[in-house]
Amino acid sequence: MTARVVTLDLDGVTDKAGLMDRCARDLRLPDWFGRNWDALADVLSDPGLWAGGGVEEETVVVVRHWDGYAETRPDEWATAREVFAHAAALTVALALGGSS
């Protein structure tokens, strides 16, 4: 099994709307993505969106620069982490450390 790595960069994100917009952009979510917690949970759990063109391929989302959002909106970040933790169709990992 191979892994496809996708980066979700939250640098500069300060609110839920910004998080949803960044998810839509960086994860290349479909136009019908509703930009709310339930819609994010649904899209991250839809194996059809993350299939690797017929090749058995795991998708790993690496979330970078999340700490600013976590500090600014701790309640929202807790919800985001919960959604990420229950993503059934992919693996979500939080990047730790510097910006390199």
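Student: Which pattern does the protein follow when read along the sequence?

Tutor: This is a predicted model, in which local features need pLDDT of at least 70, side-chain atom pairs count only at pLDDT 80 or more, and totals for chains, interfaces and linings use all residues. Residues are numbered from 1 along each chain as its sequence is written, and side-chain values use heavy atoms, with hydrogens and water left out. Helices (H or I, at least four residues) and strands (E, at least two) are DSSP runs, numbered from the N terminus. The secondary structure comes to 5 helices and 3 strands, and along the sequence the pattern is β-α-α-α-β-α-α-β.

Student: How many bridges join strand S1 to strand S2?

Tutor: Two strands pair if DSSP finds at least two bridges between them. S1 covers residues 2–9 and S2 covers residues 57–64, and the two run parallel. Val 5 stands opposite Val 60 in S2. The number of bridges that join S1 to S2 is 8.

Student: Which residue in S3 is the bridge partner of Val 62?

Tutor: Strand S3 (residues 91–94) runs parallel to S2, and 4 bridges join them. The partner of Val 62 in S3 is Ala 93.

Student: What radius of gyration does the protein have?

Tutor: The radius is taken over C-alpha atoms, and the globule rule is 2.2 Å times the number of residues to the power 0.38. The C-alpha atoms fill a box of roughly 40 × 30 × 20 Å along the principal axes. For 100 residues, a compact globule would have a radius of gyration near 13 Å, and the protein agrees with this, at 13 Å.

Student: Which elements are included in what covers the buried residues of helix H1?

Tutor: Buried means under 20% relative accessible area, exposed over 50%, and partly exposed in between (1.4 Å probe, protein chains only). In H1 (residues 16–26), the buried residues are Gly 18, Leu 19, Met 20, Arg 22, Cys 23, Ala 24 and Asp 26. Contact means heavy atoms within 4.5 Å. The cover of the buried residues of H1 includes S1, helix H2 (37–44), helix H4 (67–72) and helix H5 (74–85).

Student: Is Val 13 buried or exposed?

Tutor: Val 13 is found in the loop between S1 and H1. Not counting residues up to four places away in sequence, Val 13 touches Gly 18, Leu 19, Arg 22 and Tyr 69. The C-alpha atoms of Val 13 and Trp 66 are separated by 8.2 Å, although the two are 53 residues apart along the chain. With a relative accessible area of 5%, Val 13 is buried.

Student: What is the relative accessible area of Ala 89?

Tutor: Ala 89 is found in the loop between H5 and S3. Leaving aside neighbours within four places in sequence, Ala 89 is in contact with Leu 44, Ser 45, Asp 46, Pro 47 and Trp 50. Ala 89 is partly exposed, with a relative accessible area of 21%.

Student: How far apart do the centres of the positive and negative side chains lie?

Tutor: Lys and Arg count as positive and Asp and Glu as negative, whereas His and the chain ends are not counted. The place of a charge is taken as NZ of Lys, CZ of Arg, CG of Asp or CD of Glu. The protein has 9 positive and 17 negative side chains, and the distance between the centres of the two sets is 5 Å.
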